[in-house]
Amino acid sequence: MAQLWGGRFTKQTDQLVYDFNASITFDQRFYKQDIEGSVAHVVMMAQQGMLTQEEMKQIVEGLKGIQEDVESGKLQITKEYEDIHSFVEANLIDRIGQVGKKLHTGRSRNDQVALDMKLYVRVGVLEIEALVRELLEVLLHIMEENTQTYMPGFTHLQKAQPVTLAHHLGAYFEMFKRDRERLQDVFKRMNYCPLGAGALAGTTYPLDRNRTAELMGFYGPTLNSMDSVSDRDYVLELLSACSIIMMHLSRFSEEIIIWNSNEYQFVEIDDAFSTGSSIMPQKKNPDIAELVRGKTGRVYGSLMALLTTMKGLPLAYNKDMQEDKEWTFDALDTVKKCIQLFTGMLSTMKFRRDVMETSAKNGFTNATDAADYLVNHGVPFRDAHGIVGRLVLYCIEQNKALDDMTLEEFKSISPVFEEDIYDAISLKTCVDKRITLGAPGKSVMEQVIEQNKQYLGNEWNPFPEKC
């Protein structure tokens, strides 16, 4: 058993206790972060006169050698080590001797694991933010091409009013834009360095915490040592942001599943993102969309599990907090994979514009515009509402759309109708006359698309210039 403690113990740790307590099976993911933090710590200690330049050089070269050997497969991270910290330190001492024992000066595993977790989560935030940006680019491209692709808009999953595919997908653009901004906010709040907090009360060594933070691209050091080692708010914030991303992906997936059904046929999912049936040769299933929808609960579970773990913990560090790793790792892996697959599915999907337009016409989505026509010709809205209701009932009985009615049929229900009713209820008119900002009209959609282009054109730099 390779561990970083034991001097005051007279008995060997029971193997079951050791296995239950150990975290090496999952925190081995931190090997890069643990080494990055150790290098920064050593460089700072040398600048503070706590190590000689030669000692610093030996330790840094030893640490980099460990990383290279792990990445090449020459060095294996095994269960004989309690955690990633003991693995790195033990191997360093094996390689460079006694000077390696100075690595842990001024550190505790409490601030060390807090640092490793922040460094790891920080990378995760940046990776997911970049993936969301790619998804936004795909959405914007589809929007640009479909400002006049008419389709039914829905409320209560019932056809309501005509919109365009650009407008419908624009709603998801706004959702994922907010998701991206939430990730950026998480980064801004979390990017402060806990190293130097020690176990909970800092240290008597002359550490320069500002320098350590600067070396690793943090905005600065954390300001309370107890909070530094016990804070997992940034993980909870990230899991919350990830849960909202998954919720948006799940809603979108649900619509794609519906649109892909034989009853709708609005879309055709590319073969590369579909699967078949082992018994029914005609089947082409939207499994990717279904799995994204299903895995949403998995990410929710990680958030709820960590919230539950943290709710009763007194200050400062408690071993319970070790549980944050596996949930966070799983959530990050799941979200990244889901965004990548969903983006691929969406970018290769075929939208059946003719079917969408026919569905909008046959669903009486222009009924509100027929009522507006009457209002514009002097009929009180409540009366107009009733007249158009009778029109719809007549069409249902005759199995036809409003557009298919003759002028005589219109006049049989209300003499106010004239020849211009057909232009008033055409899908193009119904959509394009809606020109308030945020509406589906072509002119305002083009304005929004241009704004979205500018938004994506503004690069986000999460790190301060000095880093």
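This is a predicted model: local features need pLDDT of at least 70, side-chain atom pairs count only at pLDDT 80 or more; totals for chains, interfaces and linings use all residues.
Reader: Let's start with helix 4. How many residues does it have, and how far does it reach?
Author: Helix 4 covers residues 53-72, which is 20 residues. From its first C-alpha to its last it reaches 28 Å. That is close to the 28 Å expected at 1.5 Å a residue.

Reader: Which residues in helix 4 are buried?
Author: The buried ones are Glu55, Met56, Ile59, Val60, Gly62, Leu63, Gly65, Ile66, Asp69 and Val70.

Reader: And what covers them?
Author: The cover includes helix 3 (31-47) and helix 5 (84-96).

Reader: What comes just after helix 4?
Author: Glycine 73 does, with a positive phi of about 90 degrees.

Reader: New topic. Where is histidine 156?
Author: Histidine 156 sits in the loop between strand 1 (150-155) and strand 2 (158-164). Leucine 157 is in the loop between strand 1 and strand 2 as well.

Reader: What is the phi of histidine 156, and what about leucine 157?
Author: Histidine 156 has a positive phi of about 55 degrees, although it is not a glycine. Leucine 157 is not a glycine either, and its phi is positive at about 60 degrees.

Reader: Is histidine 156 buried or exposed, and why?
Author: Histidine 156 is exposed, because its relative accessible area is 76% and the exposed class starts over 50%. Leucine 157 has 54%, so it is exposed too.

Reader: On to leucine 315. Where is it found?
Author: In the loop between helix 11 (287-310) and helix 12 (324-348). Alanine 316 has its place in that loop between helix 11 and helix 12 too.

Reader: What kind of peptide bond joins leucine 315 and alanine 316?
Author: A cis peptide bond, with omega at about 10 degrees.

Reader: Does leucine 315 count as buried or exposed?
Author: Leucine 315 counts as exposed, because its relative accessibility is 61%. Together with Leu200 and Met226, Leu315 forms a nonpolar patch on the surface. The accessible area of Leu200, Met226 and Leu315 together is about 270 Å².

Reader: What about threonine 222? Where is that?
Author: Threonine 222 is in the loop between helix 8 (209-215) and helix 9 (225-230). At 12% relative accessibility, threonine 222 counts as buried.

Reader: What does threonine 222 touch?
Author: Leaving out residues up to four places away in sequence, threonine 222 touches Lys118, Tyr192, Cys193, Pro194, Arg209 and Ser228. With serine 228 there is also a polar contact between the side chains, at 2.5 Å.

Reader: Last topic, alanine 371. Which helix holds it?
Author: Helix 14, residues 367-376. Alanine 371 counts as buried, because its relative accessibility is 6%. Other buried residues of helix 14 include Ala367, Asp369 and Tyr373.

Reader: Which residues is alanine 371 in contact with?
Author: Phe381, Ala384 and Val388, leaving aside neighbours within four places in sequence.

Reader: What covers the buried residues of helix 14?
Author: The cover includes strand 2, helix 15 (381-398), helix 17 (421-424) and helix 18 (427-432).

Reader: How many residues apart are alanine 371 and arginine 434?
Author: They are 63 residues apart in sequence, and 15 Å apart in space, C-alpha to C-alpha.

Reader: Which glycine follows helix 14?
Author: Glycine 378, whose phi is positive, near 95 degrees.

Conventions
Residues are numbered from 1 along each chain as its sequence is written. Side-chain values use heavy atoms; hydrogens and water are left out. Helices (H or I, at least four residues) and strands (E, at least two) are DSSP runs, numbered from the N terminus. The expected span of a helix is 1.5 Å times one less than its number of residues. Buried means under 20% relative accessible area, exposed over 50%, partly exposed in between (1.4 Å probe, protein chains only). Contact means heavy atoms within 4.5 Å. Patches are made of residues with over 30% relative accessible area and no salt bridge: like charges are joined within 9 Å, nonpolar side chains (Val, Leu, Ile, Met, Phe, Trp, Tyr) within 5 Å. Accessible areas come from the Shrake-Rupley method with a 1.4 Å probe; for residues, only the protein chains shown count as cover. A salt bridge is a side-chain nitrogen of Lys or Arg within 4 Å of a carboxyl oxygen of Asp or Glu. A polar contact is a pair of N or O atoms within 3.5 Å; within protein, one must be able to donate a hydrogen and the other to accept it, and residues adjacent in sequence count only if both atoms are side-chain atoms.
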